[in-house]
Structure formats: structure tokens, C-alpha cells
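Please consult the sequence and the coordinates alongside the text.

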Amino acid sequence: METLGASIGMGLAALGTALGISYVAGKAAEGTSRQPEAAGAIRTTMIIGAALIEAIALYAFVINILLWTKITG
Amino acid sequence: MHLVEEFALHPFTNWTLFGLDISLNKAVIMIWLAAALVFILLFIAGRKAEMVPKGVQNFVEMIIEFIHEGIVEPMIGKKGTPWVPFLTTVFLFVLFMNLLGLVPGMYTATSRLYVTASLAMIIFITVHAAGVKAHGVSYIKNFVPGGVPAFLAPVLFVIEMIGALAKPFSLAVRLCANMFAGHLVLGAFIGLALLFKSLVIAPLPLMGAVVITGLEIFISGLQAYVFTMLSAMYISDAINSHH
């Protein structure tokens, strides 16, 4: 049961992060195509945004690892 | 279960100092090796500095230029130039620790939370020391956004304090979890190849492992870059006033 909970939690966290990062990357591509001269600034902002979003999935991952080590001993 | 146990450190010695565990283990040796590599690289580059760089000096100048023009200039601005050496060292140190873990038989020091937490603490102390140095006592005003009503200020101050403490936490967990997760996925692919005990199926997960290794090399560089960039952002928040 705990294994199932950990798996579902990780899956949901991955889903949310995937949506978030894809939105960031999509908007960055849109911005770059509209204003190619601002590509450098847009890329920097995109990487920071993606890193901050990604951290949320990684928190979930850490909690899952903690939960998982608790289950398996 | 077996995969996570692969990350367990078995200390070679059993030393303590004032009740603190300072025994030697693989991660400690990897940290020393990474520090030595950074020192050797920068020493060779700076030993005979020439006006027209070539070889190692050229390569190191490229990295420094990348830190200067790609991170420091857009993040901190003109005031940021004195921070270039510090941020270059942080970048190279994290990068070498990340990349050393990809060499077979080595260990990724950055996949342990206490290594990344120590790095994040260094950044945290540096950032606030720089803030106090730049603004003096009035640095505390940075924790209250400009133009808020007086009765809201204490509440916002507490929230901003929590935010300031969350920054090193997120820096540490991001780097550590990224490295740990990458190696876990790599281990899972290789474990899958061994699990089937069949020469027909084994090449497929092994191909996956090769692809993931390529991704890991990319992630190592990217995480070092993100770590440096966020450090530069925090320094910029501390030394450039908002109000």
C-alpha cells in the first residue's frame, strides 16, 4: 500500500512538473520566434524558471526515497 | 533496495574530532580530487599567462568569459565583476564533482546531501556578508518590500526571512537530487539488462543506459551552470538595492 502511494505521488509530481516545464519551454520558443534578438535573455530566464520548477519534482523524489527506504527497511 | 544501497558509503577509517565524524570515505576523496583538479587546471592556465592565449590558458579564458558574460553581467551588472573569480571557482568545483561521478569506479560527491548543503551554506553566508558589506545595517530593509503599509511590515519580514532560509535549502536539494536521480536511473537500466539474463533483450536496456549517460554529462554541466547562476542571482539581490 505504501509502495502504491509512493508511486502515485511520484507520478503526480512528474506530471505537474512536465506540464510546467513544457509551458516554460513553449513560451520561450514563442518569445524567441517573435523577437530573435532577445534569444540570449529569454534562454537565461527559461533555464532559471525550469530549474525552479524542476526542484518541486525533486522534493517529491526525495520524499519518495525517504518513504521507500522506510518501507523496505 | 539494492540500488539505493549502492550509494552507501563505507568509511575507510574511524576518526572522530570533538565528537564529529571525520572518517575518510569515497565522497571525501572525490571532493579532494575535484579541488585538486580545479587547482591544477587554473594553475597551469595562469603559470605563464600570455597576451595571445593558447592551449589550456585559452580554454580557461573561455570558461571565465562564459561566467563573466553569460552569468555575471546579465545577473549582477557592472558591479559584479569582482565576483567572477568566486563564481568561476564554484562552477568548476561543482562541475568536476559532477563529472567525476561518471567515471567508472568513482563516486559522485554531489549526490550526498551534506556535500551540497555545505556548498549552499557557503553561498548563503557569502551572500548575506556581501549584503551587509554593501548596505551596512540598512541591509535589513531588503527583507521588507518597498511601499508596504506599516502594519503589514512585520508579517512580510517573517515571510521574507523564511524565503531567505529556503534559498540555500533549494540550492542543496536541487543539486543533490538531480545527481542522485540520474545515477539511480542509470543503475536501473543496467539492472534491467542483468535482470532478464538474455542476450537478445539485454542490448535494449544497455542502449538506454548509453543514452542516459549522455544525458547525465549534459545534466552535470547544466546543474553546475544553474547552481552558479542562482548564486549570482542571490548575490545580485543582496548587493543591488530594490527600494
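The structure is a predicted model. Chain B comprises seven helices and two strands, and 40% of its 243 residues are buried. Within this chain, helices α5 and α6 pack against each other with their axes 8 Å apart.

**Architecture of chain B**

- Read from the N terminus, the elements of chain B follow the order α-β-β-α-α-α-α-α-α.
- Along the principal axes, the C-alpha atoms of chain B occupy a box of roughly 70 × 55 × 40 Å.
- Of the contacts in chain B between residues at least 6 apart in sequence, 68% link residues that are at least 24 apart.

**Surface and charge**

- Chain B has an accessible surface of about 13,700 Å², and carbon and sulfur atoms account for 76% of that area.
- The side chains of chain B include 12 positive and 11 negative ones, and the centres of these two sets are 4 Å apart.

**Packing of α5 and α6**

- The description of two packed helices rests on the angle between their axes and the distance between those axes.
- In chain B, helix α5 spans residues 113–135 and helix α6 spans residues 153–196; the angle between them is about 145°.
- The crossing of α5(B) and α6(B) is right-handed.
- On the α5(B) side, the contact is formed by Leu113(B), Thr116(B), Ala117(B), Ala120(B), Ile123(B) and Phe124(B).
- On the α6(B) side, the contributing residues are Ala164(B), Leu165(B), Pro168(B), Leu171(B), Ala172(B), Val173(B), Leu175(B) and Cys176(B).

- Thr116(B) belongs to helix α5 of chain B, and its relative accessibility of 0% places it among the buried residues.
- Because the cut-off for burial is under 20% relative accessible area, Thr116(B), at 0%, counts as buried.
- Apart from neighbours within four places in sequence, Thr116(B) is in contact with Thr110(B), Ala172(B), Leu175(B) and Cys176(B); of these partners, Ala172(B), Leu175(B) and Cys176(B) are also listed for the α6(B) side of the helix contact.
- Ser118(B) is likewise located in helix α5 of chain B, but Ser118(B) is partly exposed, with a relative accessible area of 41%.
- The value of 41% for Ser118(B) falls between the limits of 20% and 50%, and therefore the residue is classed as partly exposed.
- Between Ser118(B) and Pro168(B), the C-alpha to C-alpha distance is 9.5 Å, although the two residues are 50 apart in sequence.

Note on methods
Residues are numbered from 1 along each chain as its sequence is written. Chains are lettered from A and ligands numbered from 1 in the order in which they are written. This is a predicted model: local features need pLDDT of at least 70, side-chain atom pairs count only at pLDDT 80 or more; totals for chains, interfaces and linings use all residues. Side-chain values use heavy atoms; hydrogens and water are left out. Helices (H or I, at least four residues) and strands (E, at least two) are DSSP runs, numbered from the N terminus. Buried means under 20% relative accessible area, exposed over 50%, partly exposed in between (1.4 Å probe, protein chains only). Contact means heavy atoms within 4.5 Å. Accessible areas come from the Shrake-Rupley method with a 1.4 Å probe; for residues, only the protein chains shown count as cover. Lys and Arg count as positive and Asp and Glu as negative; His and the chain ends are not counted. The place of a charge is taken as NZ of Lys, CZ of Arg, CG of Asp or CD of Glu. Axes are lines fitted to C-alpha atoms, for helices over the stretch in contact, and angles run from 0 to 180 degrees between N-to-C directions. A crossing is left-handed if the near helix is turned anticlockwise from the far one by less than a right angle, and right-handed if clockwise.
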